[in-house]
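Q: Could you walk me through some features of a structure, giving me the general idea before each case?
A: Gladly; here it is.
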Amino acid sequence: MYRVDLNCDLGESFGAYTIGSDQEIMKFVTSANIACGFHAGDPGVMNKTVKAALANNVAIGAHPGLPDLAGFGRRNMDISPKEAYDMVVYQVGALAAFVKAEGGRMQHVKPHGALYNMAAKSLVLSEAIAEAVYKVDPELILFGLSSSHSVSAAERIGLRTAHEVFADRTYQIDGTLTPRNQPNALITDDNQAISQVIRMVKESTVMTQQDQEIAIKADTVCIHGDGIHALEFARKIREHLLESSVAVQAIGK
């Protein structure tokens, strides 16, 4: 039987603003990437989301991003490797404190948005992020774009890794995600997204925007919790995976 982790970016509300349906989505995913206050989230939301994950037996991960609340962490910033290291240590440490306070244990770290994509393409940034995670806790698993610098840098330093694929994003021929500001970057048809995921998990391939099939490794599948139909999609993709003889289970279990 095939096996895959189903992760979702959660805890993205902050202040007076509510984003996503975290409590409901928790019922369908196996890992939660919880925003740490830079691109989204705040201390109260972090605490609430950690408690919800533990109550639903969902594995917890830190989701550190760039300090860009207005841009939701999706705009590139010219940061040094040292700045990337410090940002990740700071945010992972903050979430780890909430997890420890509730008697839980953190499973993984997954960089967010632009930081994630920048690291996937930059050897020095990926090495800085991997070092930050390793020094905070060498038992943590680093989630990174499948077969990218993020994964290879983490493996070299001694971290356990998870090759991540995306349900609702299209791919380029080099294995990177199509930038959000380009046409057809997002897959809005649920059936198309589900078919792409099952193909990546069971056949280890994905069709690119250039109509060329490339190899891909799928340890964990990302779905986004901030879309209009996010809850319904979470339910559907889990059902289809199980119907396709794919076990849905957290990486760390």
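A: Let's start with a definition: angles between axes under 35 degrees count as roughly parallel, over 145 as roughly antiparallel, 65 to 115 as roughly perpendicular and the rest as oblique. Axes are lines fitted to C-alpha atoms, for helices over the stretch in contact, with angles from 0 to 180 degrees between N-to-C directions. Helices (H or I, at least four residues) and strands (E, at least two) are DSSP runs, numbered from the N terminus. This is a predicted model, in which local features need pLDDT of at least 70 and side-chain atom pairs count only at pLDDT 80 or more, while totals for chains, interfaces and linings use all residues. Residues are numbered from 1 along each chain as its sequence is written, and side-chain values use heavy atoms, leaving out hydrogens and water.

Q: At what angle do the axes of α7 and α8 cross?
A: Two packed helices are described by the angle and the distance between their axes. Here, α7 (residues 190-203) and α8 (residues 230-243) have axes that come within 10 Å and cross at roughly 40 degrees. The two helices are therefore oblique to each other.

Q: Which residues of α7 and α8 meet?
A: Contact means heavy atoms within 4.5 Å. From α7 come D190, N191, A193, I194, V197 and I198, and they meet F233, K236, I237, H240 and L241 of α8. By class, this contact of α7 with α8 has 7 nonpolar, 2 polar and 2 charged residues. In that count Ala, Val, Leu, Ile, Met, Phe, Trp, Tyr, Cys and Pro are nonpolar, Asp, Glu, Lys and Arg are charged, and the others, Gly among them, are polar.

Q: How do α2 and α3 pack?
A: The axes of α2 (residues 43-55) and α3 (residues 81-101) are 9 Å apart, at an angle of about 50 degrees. That makes α2 oblique to α3, and their crossing is right-handed. P43, M46, N47 and V50 of α2 make the contact with A94, L95, F98 and V99 of α3. By class, the contact of α2 with α3 has 7 nonpolar, 1 polar and no charged residues.

Q: Which residues have the most contacts inside the largest nonpolar core?
A: In soluble globular proteins, nonpolar side chains tend to be buried together. A nonpolar core is a set of buried Ala, Val, Leu, Ile, Met, Phe, Trp, Tyr and Cys residues joined through side-chain atoms within 4.5 Å. The largest one here has 71 residues, and L95, I223 and I237 have the most contacts inside it. Not counting residues up to four places away in sequence, L95 touches I34, C36, M46, V50, I60, G61, A62 and M106.

Q: Is T208 buried or exposed?
A: Buried means under 20% relative accessible area, exposed over 50%, and partly exposed in between (1.4 Å probe, protein chains only). With a relative accessible area of 4%, T208 is buried. T208 lies in the loop between β7 (205-207) and β8 (213-215).

Q: What is the phi of N184?
A: Most residues other than glycine have a negative phi. N184 is not a glycine, yet its phi is positive, about 60 degrees. N184 is in the loop between β6 (160-166) and α7, and is exposed at 56% relative accessible area.

How values were computed: A crossing is left-handed if the near helix is turned anticlockwise from the far one by less than a right angle, and right-handed if clockwise.
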